[in-house]
Amino acid sequence: METLKAFIRPPPPCFDYKTAVHAETRSTVAAVHPELMDLVQGGSLVLVQKRRFGPVPEWRRWFVEPESIWVLGTSHLSEKSAADVERVVGAIRPDNVVVELCRSRAGIMYASADDQNAPVLNSNMFSLSGSRFFGAISRSINLGGQSALALRLLLAVFSSKITSGSNRTFGDEFRAARKAAEEVGSQLVLGDRPIEITLERAWNSLNWNEKLRLLTLLFRGITSPSLGNKEGDFEIEEKGSDPFELYEQLSSTYPSLLQPLIHERDTYLAWSLKRSKAVNNCKTVVGVIGKGHMNGVVYALMADQGDLRFRDLAGRTSKESWVKSLIKGLIRDTIIGVVLWALYEQLQTAF
């Protein structure tokens, strides 16, 4: 299967989301929510009004965009971010709360740090969560294919090892968003592109040499006693890094990953905030996203020209003959089998 191609224009170097909407955000907060001013001054909370959105194309004239979108930037490993989410949702009481999660990762919102039945691996953005584990495996394969599933498992172990010394649980702000939304009666919306599709597009963006280098990097990182060093041309820091920082480091080493891992997801998140069916004809939306996505998401909200649709960032199409697809599948499945076996052996000895 080949993914549909769509080029997303990233924010220009001169664009800064704080400068772009700070004055309007500050004046609105001062008038109606002064208790949130510290978040505005720190650059964590911004307001994008409907009049600042990009044009609505003819094919979407029936859709009524939200009047205002509040975007809160968080850290996925921060107790303060969870408290900030509770404050913002409680004060604004929006119609919808959009979180940077997809269906496959929605279980993060219901996980508990005190759960004695929690998996051995630390929960992170790549984890296979939920009570129906094999259903999650099946969904991952259906959406992204075996390659994306194998890459996801490797990244889950890799991320778990990076954050193992942080003594902080992943996704507290998402759990806070769910609870706060329930308390004020807001609809909770999963706003991120399915991780299976993101990883599939990321994998397909690499040439075979880059794929081999990436797999080597991940295996070395998983099997090394410490991650506080350089693995080849990629610097790994064992300090509880945010997933966005991991994406940025990978993208700096493999520039072709910038589109699928960062720019496309920024745009998808922005579309979920203002274009998704869940927010149609509502007045106020609060988005809870990683702070690293703030610049790209705010830019996408304001610069979106409406020439692309969700399917351009999430659709798949097949252009191969069945013979070629079968041969590639056999080779791929053999390699993935070896990878998963090696990963299982590593988990048996490491945890």
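**Exercise 1. Is Arg178 buried or exposed, and what is its relative accessible area?**

Solution. Two ground rules come first. This is a predicted model, where local features need pLDDT of at least 70, side-chain atom pairs count only at pLDDT 80 or more, and totals for chains, interfaces and linings use all residues. Residues are numbered from 1 along each chain as its sequence is written, and side-chain values use heavy atoms, with hydrogens and water left out.

Step 1. Arg178 is found in helix H5. Helices (H or I, at least four residues) and strands (E, at least two) are DSSP runs, numbered from the N terminus.

Step 2. Apply the cut-offs. Buried means under 20% relative accessible area, exposed over 50%, and partly exposed in between, with a 1.4 Å probe and protein chains only. Arg178 has a relative accessible area of 13%, so Arg178 is buried.

Step 3. List the contacts (heavy atoms within 4.5 Å). Leaving aside neighbours within four places in sequence, Arg178 is in contact with Met109, Tyr110 and Leu188.

**Exercise 2. Describe the surroundings of Glu173.**

Solution. 

Step 1. Glu173 lies in helix H5, which covers residues 172-184. Its relative accessible area is 0%, so Glu173 is buried.

Step 2. Residues up to four places away in sequence are not counted. Glu173 then touches Thr74, Ser75, His76, Ser81, Ala82, Val85 and Val288.

Step 3. Look for a polar contact. This is a pair of N or O atoms within 3.5 Å; within protein, one must be able to donate a hydrogen and the other to accept it, and residues adjacent in sequence count only if both atoms are side-chain atoms. The side chains of Glu173 and Thr74 make one at 3.2 Å.

Step 4. Compare sequence with space. Glu173 and Leu77 are 96 residues apart in sequence, and their C-alpha atoms are 8.4 Å apart.

**Exercise 3. In what order do the 5 strands of the open sheet run, and what packs on the sheet?**

Solution. 

Step 1. The order is E2-E3-E8-E4-E5, with mixed pairing. Two strands pair if DSSP finds at least two bridges between them.

Step 2. Find the edges. Strand E2 (45-49) and strand E5 (187-190) each pair on one side only.

Step 3. Neighbouring strands are turned by 20° against each other on average, direction ignored.

Step 4. Follow strand E4 (residues 96-99). E4 and E5 run parallel and share 4 bridges. In these bridges, Asn96 partners Gln187 and Val97 partners Leu188. E4 also pairs with E8 in the parallel sense, over 4 bridges. There, Val98 stands opposite Gly287. Asn96 and Val98 point one way from E4, while Val97 and Val99 point the other way, and all are buried.

Step 5. Axes are lines fitted to C-alpha atoms, for helices over the stretch in contact, and angles run from 0 to 180 degrees between N-to-C directions. Helix H3 (residues 79-92) touches E2, strand E3 (68-74), E4 and strand E8 (284-290), and its direction makes about 165° with that of E3. H5 packs on the sheet too, touching E3, E4, E5 and E8; the direction of H5 makes about 165° with that of E4.

**Exercise 4. How do H6 and H9 pack?**

Solution. 

Step 1. Two packed helices are described by the angle between their axes and the distance between the axes. Helix H6 (residues 195-205) and H9 give about 135° and 9 Å.

Step 2. Classify. Angles under 35 degrees count as roughly parallel, over 145 as roughly antiparallel, 65 to 115 as roughly perpendicular and the rest as oblique. H6 and H9 are therefore oblique to each other.

Step 3. Name the residues that meet. Thr198, Arg201, Ala202 and Ser205 come from H6, and Pro260, Leu261, Glu264 and Arg265 from H9.

**Exercise 5. Examine the positive phi values of Arg93 and Asn281.**

Solution. 

Step 1. Most residues other than glycine have a negative phi. Arg93 has a phi near 50°. Asn281 has a phi of about 65°.

Step 2. Arg93 sits in the loop between H3 and E4. Asn281 lies in the loop between helix H9 (258-274) and E8.

Step 3. Arg93 has 52% relative accessibility, so Arg93 counts as exposed. Asn281 is exposed as well, at 57%.

**Exercise 6. How many helices and strands does the chain have, and what share of its residues is buried?**

Solution. Count 12 helices and 9 strands. Buried residues make up 54% of the 351 residues.
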